[in-house]
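Me: I am new to this structure and would like to learn how to read it. Could you walk me through some features, one at a time?

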Amino acid sequence: MSKVVVMDHPLIQHKLTMLRDKNTGSKDFRDLTKEITMLMAYEMTRNLNLMEIEIETPICKAKSKVITGKKLGIVPILRAGMGMVDGVLQLIPAAKVGHIGLYRDPETLEPVEYYCKLPTDVEERELFLLDPMLATGGSANAAIQFIKDRGGVNIRLVAIIAAPEGVEAIHKLHPDVDIYVAGMDEKLNEKAYIVPGLGDAGDRLFGTK
């Protein structure tokens, strides 16, 4: 079974409270989303492999460490996942970025694909799948399957907030995918919105209704 990591760092929790506030406007919402994602990425990359190389400082030659191992990739689920991309790229500018376009049918609540483009070497990368909200898990499960169908094998799901129902859905279909969240919320309501949640992340990011 995959693990669920709730990141309880004080800075993440402080910014998450501001993100939830209905009075937070689109500009601040975008900035907070980027900042929270960057802090989450910092925590998630704690165990990246290192190797020792020799460099020359202004004083002398020295042995020092650099990141090695699998290259990283970022795959936002459009459109709300785009709000998280810059937060990761600020720390890992060499990461390749793919995109998966999904929307939720308002009647069936099932995900519908309209776009999928991934790095050509997707099978060689550690992938961060980005979506601010893990609600029913339908979109995330579909996106994970799209990545696996194209050769991706090392996938981590990164969400800012999640509902237990969404986590359970991921565990059921993709037990090999670890989940990282800033907040684990109470439940879904009858419209499949996360409670207490933060509303519609895409609308709040981009100022739409």
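The dialogue below takes up helix packing and then the annotations from UniProt.

Reply: Happy to! Keep in mind that this is a predicted model.

Me: Let's start with helices. At what angle do α1 and α2 pack, and how far apart are their axes?

Reply: Angles over 145 degrees count as roughly antiparallel. Here helix α1 (residues 10-20) packs on α2 at about 155 degrees, and the two axes are 10 Å apart. Because of that angle, α1 is roughly antiparallel to α2. Their crossing is left-handed.

Me: Which residues make that contact?

Reply: From α1 come L11, I12, K15, L16, M18 and L19, and α2 brings F29, L32, T33, E35, I36, L39 and M40. Sorted by class, this contact of α1 with α2 has 10 nonpolar residues, one polar and two charged.

Me: And how do α2 and α3 cross?

Reply: Helix α2 (residues 26-44) and helix α3 (residues 82-89) cross at roughly 50 degrees, and their axes come within 7 Å. That angle is why α2 is described as oblique to α3. The crossing of α2 past α3 is right-handed. On the α2 side, T33, K34, T37, M38 and A41 take part, and they meet G83, M84, D86, G87 and V88 of α3.

Me: What about α4 and α5: what is their angle?

Reply: Under 35 degrees, a pair counts as roughly parallel. Helix α4 (residues 138-149) and helix α5 (residues 164-173) pack at about 30 degrees, with axes 9 Å apart, so α4 is roughly parallel to α5. Their crossing is right-handed. A140, N141 and I144 of α4 touch A169, I170 and L173 of α5. That contact of α4 with α5 holds five nonpolar residues, one polar and no charged ones.

Me: Now the annotations. Which residues does the UniProt "binding site" cover?

Reply: An annotation comes from a record, and it may be inferred rather than shown by experiment. In an unreviewed entry, UniProt gives "binding site" for R79, R104, D131, P132, M133, L134, A135, T136, G137, G138, S139 and D200. From this set, the lining of the largest pocket includes R79, R104, D131 and D200, among others. One of the annotated residues, L134, sits in strand β9 (residues 133-134).

Me: Which residues does UniProt list for the domain?

Reply: The unreviewed entry lists residues 6-208 as "domain: Phosphoribosyltransferase". In the model, that span is 33% helix and 33% strand, and its end C-alpha atoms lie 29 Å apart.

Definitions and conventions. Residues are numbered from 1 along each chain as its sequence is written. This is a predicted model: local features need pLDDT of at least 70, side-chain atom pairs count only at pLDDT 80 or more; totals for chains, interfaces and linings use all residues. Side-chain values use heavy atoms; hydrogens and water are left out. Axes are lines fitted to C-alpha atoms, for helices over the stretch in contact, and angles run from 0 to 180 degrees between N-to-C directions. Helices (H or I, at least four residues) and strands (E, at least two) are DSSP runs, numbered from the N terminus. Angles under 35 degrees count as roughly parallel, over 145 as roughly antiparallel, 65 to 115 as roughly perpendicular and the rest as oblique. A crossing is left-handed if the near helix is turned anticlockwise from the far one by less than a right angle, and right-handed if clockwise. Contact means heavy atoms within 4.5 Å. Ala, Val, Leu, Ile, Met, Phe, Trp, Tyr, Cys and Pro count as nonpolar, Asp, Glu, Lys and Arg as charged, and the others, Gly among them, as polar. On a 1 Å grid over the protein atoms alone, a cavity is a set of points where a 1.4 Å probe fits but cannot get out, and a pocket is an open set with protein on both sides within 12 Å along at least five of seven lines; lining residues have an atom within 4 Å of a point.
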